[in-house]
Amino acid sequence: SFIALTGTQEAVKKAMSAYHVHATIPPQEAGKADYIMDHSSLIYIMDPRGRFITSFNHATPPEHMARVMLTLS
């Protein structure tokens with residue numbers, strides 16, 4: 001199981017800054033109810049205390065993710 005980031009807009013922006021995450025709505029999408037979001041594609045793995053362990057990006061093979069995750073359990 002996992003927990004996704006949530007909170008106030010201010011808290012989310014603070015977390016984005018701390019983790020060097022990019023997220024923006026492209027100008028051509030502004031004002032639409034359904035829109036495309038440009039954003040970083042990182043998965044951060046944290047321990048139960050919230051400390052960083054590792055991260056994966058969109059190009060990380062699923063087999064590698066599984067091997068790493070199995071070493072953590």
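The following questions and answers go through a predicted model, from its confidence to its side-chain pairs.

Visitor: In which element is confidence highest?
Guide: This is a predicted model, in which local features need pLDDT of at least 70, side-chain atom pairs count only at pLDDT 80 or more, and totals for chains, interfaces and linings use all residues. Residues are numbered from 1 along each chain as its sequence is written, and side-chain values use heavy atoms, with hydrogens and water left out. The average pLDDT (the predictor's confidence in each residue, from 0 to 100) is 91, and 99% of the residues score at least 70.

Visitor: How many of the 10 residues of helix α1 are buried?
Guide: Buried means under 20% relative accessible area, exposed over 50%, and partly exposed in between, with a 1.4 Å probe and protein chains only. Helix α1 covers residues 9-18 and lies largely in the open, because its number of buried residues is zero.

Visitor: Which residue just after α1 takes a positive phi?
Guide: The phi in question is about 55 degrees. The residue that takes this value just after α1 is His20.

Visitor: Is Glu29 buried or exposed?
Guide: Glu29 is found in the loop between β1 and β2. Not counting residues up to four places away in sequence, Glu29 touches Asp34, Tyr35 and Ile36, where contact means heavy atoms within 4.5 Å. The relative accessibility of Glu29 is 9%, so Glu29 counts as buried.

Visitor: How far apart are the closest N and O atoms of Asp47 and Arg51?
Guide: The structure holds two salt bridges, and Asp47 with Arg51 forms one of them. Asp47 is buried at 17% relative accessible area, whereas Arg51 is partly exposed at 47%. Their closest N and O atoms are separated by 2.7 Å.

Visitor: Why is the pair of Tyr44 and Phe52 given the type it has?
Guide: Rings of Phe, Tyr and Trp (its six-membered ring) pair if their centres lie within 6.5 Å; planes under 30 degrees apart count as stacked, over 60 as edge-to-face and the rest as tilted. By this rule the count comes to two aromatic pairs. The centres of Tyr44 and Phe52 are 6.1 Å apart and the planes stand at 65 degrees, so this pair is edge-to-face.

Visitor: Which residues do ring pairs link into a cluster?
Guide: Tyr44 is partly exposed, at 26% relative accessible area, and Phe52 is partly exposed too, at 48%. Both belong to the cluster, which is made of Tyr19, Tyr44 and Phe52.

Visitor: What is the separation of the C-alpha atoms of Val68 and Thr54?
Guide: Val68 lies in helix α2. Leaving aside neighbours within four places in sequence, Val68 is in contact with Thr54 and Phe56. Val68 and Thr54 are 14 residues apart along the chain, and their C-alpha atoms are separated by 9.1 Å.

How values were computed:
Salt bridge = Lys/Arg side-chain N within 4 Å of Asp/Glu carboxyl O. Helix = DSSP H or I, 4+ residues; strand = E, 2+ residues; numbered from the N terminus.
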